[in-house]
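Dear colleague,

Please find below the structure that I am handing over to you. A summary of the findings follows it.

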Amino acid sequence: MATVTGYIDGDKELLLFKKKRAAIRASFTKIVKTTTDLFSVDDEEDDRKEESEESDHDDATSNAEETQEEQIEESNEDIDEQSTSSRQEKRDKRVKELKRELEGWREVILPLNSVILWENNLYPGLLAGVTTAFFLLFWLLDPSLLTTVSVIGLVAALVDYLVPTLTASLSHPESWTGAKERKLEEICRALAIAEHQGFSYCKTFYDMRNTRPKMYYLSVIVSLVFLAWLGNRVDNLLLTYLFVLVLLLLPGLKHHGILQKYVSQLMVLFAETVKGVKEKKN
C-alpha cells in the first residue's frame with residue numbers, strides 16, 4: 001500500500017514538473033517573441049528613418065542641382081544681355097560717328113539712297129544706263145592702268161572737296177527737317193550693320209585658318225584658281241563692268257525682296273538636285 005502511494009506521489013510530482021517546464025518554456029518563448037518584435041519594430045523604424053534621410057538627402061541634392069542650374073541659366077542670360085547691350089552700345093556709337101563723318105554729305109546721301117534702293121521704278125534703269133555709259137567711254141578711250149588709277153583718284157578728290165562745299169553754300173539749315181534727320185540715322189544704322197557684318201564674315205573666315213586650316217587653304221586655293229581661270233577666259237573690263245553693275249543693283253534687289261526670292265528658289269533647286277542624285281545612287 002505504501003509502495004502504491006509512493007508511485008502515485010512520484011507521478012504527480014513528475015506531472016507538476018512537466019507542467020512547470022512547459023509553462024517556463026511558453027514564458028520564455030513569449031519573451032523571445034516579444035523581444036524579436038521589439039527589435040523588428042526598431043529595425044523598421046531605423047529603416048524608415050534611413051529611407052526618410054535618404055529621400056531628404058536626394059531632395060536636397062536635387063534642389064541644389066536645380067538651384068545651380070537656375071543660377072547658371074540666370075548667369076548665361078545676364079551674360080547674353082550684357083553682350084547684347086554692349087553690341088548695341090557699340091553700334092549706337094558707330095552710328096553717331098557715321099553721322100558726324102557724313103555731316104557734309106547729308107543733302108546728297110538722301111537722294112543717293114533713294115536711287116540705290118529703287119524708290120522710283122526708273123532708278124534701276126538709270127543705274128544700269130549710267131554704269132554702261134561710263135564703261136563704254138572707258139572702253140573707247142582705252143587708258144593705261146596708271147592713267148585709270150590717276151583719273152579715279154582725281155575724281156574722288158574733287159568730289160570729296162566740292163560736294164561738302166557746294167552743299168554747305170547752296171542748302172539752308174532750315175530745309176533740314178526732323179524727317180530727314182531720322183532718314184539719315186536709318187541710313188547710318190544700315191551702314192553700321194553692314195560694316196559689322198562684313199568685319200564678322202572676314203573674322204570668321206580668317207579664324208578658319210586656325211580652327212579648320214585644311215578647309216581654309218582649300219577654299220582659298222580653289223577660289224584663286226577659279227578667278228585666275230576666269231580672268232584668263234573673260235575680258236577684264238567686262239568682268240569689272242558686271243561686278244560694278246551687280247554691286248550697284250544689289251541693295252535694290254535686297255530691299256525689294258527679289259534677291260531673297262531667287263536665292264530661295266536656287267536653294268530649293270539645289271536640294272532637289274542633290275536628292276535626285278542620291279536616289280539614283282541608291
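**Cysteines**

Cys 188 has a relative accessible area of 0%, below the 20% limit, and is therefore buried. Cys 202, by contrast, is exposed, with a relative accessible area of 51%. Please bear in mind that this is a predicted model. A disulfide is a covalent bond between the sulfur atoms of two cysteines. With a cut-off of 2.5 Å between cysteine sulfur atoms, the number of disulfides comes to zero.

**Overall architecture**

The protein has eight helices and zero strands. Read from the N terminus, its elements follow the order α-α-α-α-α-α-α-α. Of the 282 residues in the protein, 10% are buried. When contacts between residues at least 6 apart in sequence are considered, 75% of them join residues at least 24 apart.

In soluble globular proteins, nonpolar side chains tend to be buried together. Here the largest nonpolar core consists of ten residues: Val 95, Leu 98, Leu 102, Ile 109, Leu 110, Trp 176, Leu 184, Ile 187, Cys 188 and Ala 192. At least two residues of this core are supplied by each of helix H1 (2–101), helix H2 (106–116) and helix H5 (178–211). H5 provides the largest share, with four residues. Cys 188, the buried cysteine described above, is thus one of the members of this core.

Leu 184 is another member of the core. Leaving aside residues up to four places away in sequence, Leu 184 touches Arg 106, Ile 109, Leu 110 and Trp 176. There is also a second, separate core, which has seven residues, including Trp 118, Tyr 241, Leu 245 and Leu 249.

**The pairing of H5 and H6**

Two packed helices are described by the angle between their axes and the distance between the axes. For H5 and helix H6 (residues 213–233), the axes come within 6 Å and cross at roughly 125 degrees. Because of this angle, H5 is oblique to H6.

On the H5 side, the contact is made by Phe 205, Met 208, Arg 209, Asn 210 and Thr 211. On the H6 side, Pro 213, Met 215, Tyr 216, Tyr 217, Ser 219 and Val 220 take part.

Yours sincerely

Note on methods: Residues numbered from 1 in each chain as written. Predicted model: local features only at pLDDT ≥ 70, side-chain atom pairs only at ≥ 80, totals over all residues. Heavy atoms only, no water. Core = buried A, V, L, I, M, F, W, Y, C linked by side-chain atoms within 4.5 Å. Buried < 20%, exposed > 50% of the residue type's maximum accessible area, 1.4 Å probe, protein only. Contact = heavy atoms within 4.5 Å. Axes fitted to C-alpha atoms, helices over the stretch in contact; angles between N-to-C directions. Parallel < 35°, antiparallel > 145°, perpendicular 65-115°, else oblique.
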